[in-house]
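Student: I have a new model on my screen, and I would like to talk it through with you.
Tutor: Gladly, let us look at it together.

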Amino acid sequence: MGFLRDYSVPGLLVLAAQIGCIVHVLRNGRNTMWIMLILFAPGIGSAVYFVIEVWPDLRAGRRGGLNLKMPETSAGAIKRLQEELEFSNTVKKRVELAQALASARRYDEATETLAVSLRGVFRDDPVLTLELAEVHFLAGRHAETLTALETLDRLKSKDGRQQRLLLAARSLQALGRAGEARERFETALEQASGEEPRCRLAQFLVAQGELDSARTLFEELLKNAKHGGGMYRRLNREWIALAKEGLAGLPKG
């Protein structure tokens with residue numbers, strides 16, 4: 001550890017931030033181009049990565065999972081976004097509008113908003129395609145969800161890998177393709193950086209009647225939460241609550 005003496009305290013903090021951000025990139029399947037920015041723009045690169053990739057997950061109370069529970073969006077907010085889009089017709093604005101429409105359960109309009117952008121140079125844009133998959137899922141269009149996800153696989157996109165696995169697993173389950181769904185749930189758990197995959201797999205096992213295996217996963221989740229510290233419990237609050245509920249609903253072993 002003698003090399004640490006070559007760093008000042010601020011230098012050590014920057015180094016720790018770089019390491020933490022790079023680990024986050026690799027564990028969550030983010031675009032590996034971020035690593036170049038983090039390495040060659042110390043401090044600034046880590047800060048930009050945190051704001052764009054880490055903070056949204058923290059604010060949503062999750063780490064790489066796919067919750068898909070959107071707050072209601074008022075008609076006024078949607079109208080404002082539509083007016084903004086007229087003056088700033090960008091992909092970012094279209095995604096914001098599509099998310100607002102989806103949260104208001106106006107799924108056909110959300111799909112059309114994204115479809116307009118999925119043309120020309122943006123035809124296979126991974127961000128737009130993942131957004132489209134999520135809208136299809138929320139609308140109950142599970143076959144269309146899988147089609148969008150297959151496009152991302154064909155493009156060999158690494159963005160949102162855990163999100164995509166869970167989305168595919170839940171869609172396959174809804175379509176009655178239990179074997180394929182189990183495979184996706186298990187793969188998501190292997191790559192997990194949070195407790196959503198464990199909770200989702202346990203719920204799937206309950207639905208399949210595999211109660212003992214489900215109980216084991218729920219208990220593992222609660223054990224992880226107990227030893228994971230306050231921040232870990234806050235980030236996984238929803239899955240901890242669902243695990244307690246799921247465990248309480250199982251017959252006494």
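Tutor: A contact means heavy atoms within 4.5 Å. This is a predicted model, where local features need pLDDT of at least 70, side-chain atom pairs count only at pLDDT 80 or more, and totals for chains, interfaces and linings use all residues. Residues are numbered from 1 along each chain as its sequence is written, and side-chain values use heavy atoms, with hydrogens and water left out.

Student: How many helices does the chain have?
Tutor: Helices (H or I, at least four residues) and strands (E, at least two) are DSSP runs, numbered from the N terminus. The chain has zero strands, and its helices number 14.

Student: Which residues of α12 are buried?
Tutor: Buried means under 20% relative accessible area, exposed over 50%, and partly exposed in between (1.4 Å probe, protein chains only). In α12 the buried residues are Ala214, Arg215, Leu217, Phe218, Leu221 and Ala225.

Student: Which exposed residues sit on the face of α12 turned away from its buried side?
Tutor: The buried residues of α12 pack against α10, α11, α13 and α14. The face turned away from them carries the exposed residues Asp212, Lys223, Lys226 and His227.

Student: Which residue meets arginine 198 in a salt bridge?
Tutor: A salt bridge is a side-chain nitrogen of Lys or Arg within 4 Å of a carboxyl oxygen of Asp or Glu. For arginine 198 the N to O distance is 3.2 Å, and the partner is glutamate 220.

Student: How many residues apart in sequence are the parts that this pair ties together?
Tutor: Arginine 198 lies in helix α11 and glutamate 220 in helix α12. The pair therefore ties together parts whose separation in sequence is 22 residues.

Student: Is glutamate 196 buried or exposed?
Tutor: Glutamate 196 forms a salt bridge with arginine 200 at 3.2 Å, N to O. The relative accessibility of glutamate 196 is 2%, so glutamate 196 counts as buried.
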